Amino acid sequence: MGTMIAVEGLRKSLRTGANRLEILKGIDFVVEQGEFVAIMGSSGSGKSTLLGLLAGLDHPTSGNVILNGTAIGRLPEDQLAQLRGRTLGFVFQSYQLIPTLTALENVLLPYELNESNGSRRQGMDRAKALLASVGLAARVDHYPIQLSGGEQQRVALARAFMLRPPIVLADEPTGNLDSANGKHVLDLLLELNRAEGTTLVLVTHDPALAAQASRRIVLRDGCVIADERGGA
Ligand SMILES: Nc1ncnc2c1ncn2[C@@H]1O[C@H](COP(=O)(O)OP(=O)(O)OP(=O)(O)O)[C@@H](O)[C@H]1O
Ligand SMILES: [Mg+2]
């Protein structure tokens with residue numbers, strides 16, 4: 001147990017021409033190990049920006065993100081990459097699969113980039129099992145361009161789980177799925193959360209997913225306007 005993510009006075013602004021656009025206006029919250037947090041709010045409220053900052057993929061204008069006890073703002077890029085590799089699974093809103101790799105190779109990639117792992121055989125077995133668990137057993141050898149949007153989204157989810165990260169951050173993980181596949185992915189997330197204690201922070205517009213979360217943080221115009229606990 002303990003704090004997995006601490007966000008302190010997080011601000012992000014950008015210069016657009018002569019103006020400064022304030023995207024996040026001072027965000028504070030703490031996520032404990034094993035929590036399942038849904039980040040909600042209308043389009044443009046800052047959800048993806050926040051998630052990118054939590055993952056250290058972007059730098060805040062001010063404030064800090066502390067991941068599993070380490071303030072990521074001052075880390076050199078190589079140490080940040082290492083921490084990210086050990087700690088985080090990330091699912092982008094736009095999936096970001098590697099176009100020249102098959103579904104199986106995409107899922108296997110984090111494993112192959114991380115030296116401290118088991119055999120290639122073990123990696124292959126896990127990658128295949130993960131793809132099967134998102135309903136893609138018959139698509140392992142397909143390239144991203146040969147997959148539908150929802151299928152690519154499920155490959156991206158499988159990839160995020162590959163190294164059993166203590167934290168999974170996902171931007172609209174069911175955004176492109178029909179209700180049956182959305183339910184399937186949600187069940188998979190809940191299973192990980194329960195069985196492995198994975199801390200989940202998911203951006204979502206999906207009321208069914210948000211209802212299953214143990215906590216909902218709502219953004220509006222770059223500010224947290226609600227932070228409510230309880231749920232399924
Ligand atoms: N690089 C950028 N340059 C200029 N404006 C940006 C940039 N990135 C984000 N924004 C603006 O910041 C605001 C928040 O964007 P963000 O992508 O975080 O929204 P969101 O809540 O994820 O929306 P959605 O639900 O549509 O995905 C938006 O108004 C967006 O136009
Ligand atoms: Mg977004």
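**Exercise 1. Classify Tyr 95 by its C-beta neighbours: is Tyr 95 buried or exposed?**

Solution. 
- Count the neighbours: Tyr 95 has 20 C-beta neighbours inside 10 Å.
- Apply the cut-offs: a residue is buried with 20 or more other C-beta atoms within 10 Å of its own, exposed with 12 or fewer, and partly exposed in between, with C-beta atoms placed from the backbone.
- Tyr 95 therefore counts as buried.
- Check the backbone: its phi is positive, about 65 degrees, although Tyr 95 is not a glycine.
- Most residues other than glycine have a negative phi.

A note on the model. This is a predicted model, where local features need pLDDT of at least 70, side-chain atom pairs count only at pLDDT 80 or more, and totals for chains, interfaces and linings use all residues. Residues are numbered from 1 along each chain as its sequence is written, while chains are lettered from A and ligands numbered from 1 in the order in which they are written.

**Exercise 2. Describe how α3 and α4 pack: at what angle do they meet?**

Solution. 
- Locate the helices: α3 spans residues 103-113 and α4 spans residues 120-133. Helices are DSSP runs of H or I, at least four residues, and strands are runs of E, at least two, numbered from the N terminus.
- Take the geometry: the angle is about 130 degrees, and the axes are 9 Å apart. Axes are lines fitted to C-alpha atoms over the stretch in contact, and angles run from 0 to 180 degrees between N-to-C directions.
- Name the arrangement: α3 and α4 are therefore oblique to each other. Under 35 degrees is roughly parallel, over 145 roughly antiparallel, 65 to 115 roughly perpendicular, and the rest oblique.
- List the contact: α3 contributes residues including Leu 104, Val 107 and Tyr 111, and α4 residues including Met 124, Ala 127 and Leu 131. Contact means C-beta atoms, placed from the backbone, within 7 Å.

**Exercise 3. Survey the whole chain: how many helices and strands does the chain have?**

Solution. 
- Count the elements: seven helices and ten strands.
- Box the C-alpha atoms: roughly 50 × 40 × 40 Å along the principal axes.
- Take the buried share: 40% of the 232 residues.
- Sort the contacts: of those between residues at least 6 apart in sequence, 66% join residues at least 24 apart.

Conventions
Two residues are in contact if their C-beta atoms, placed from the backbone, lie within 7 Å.
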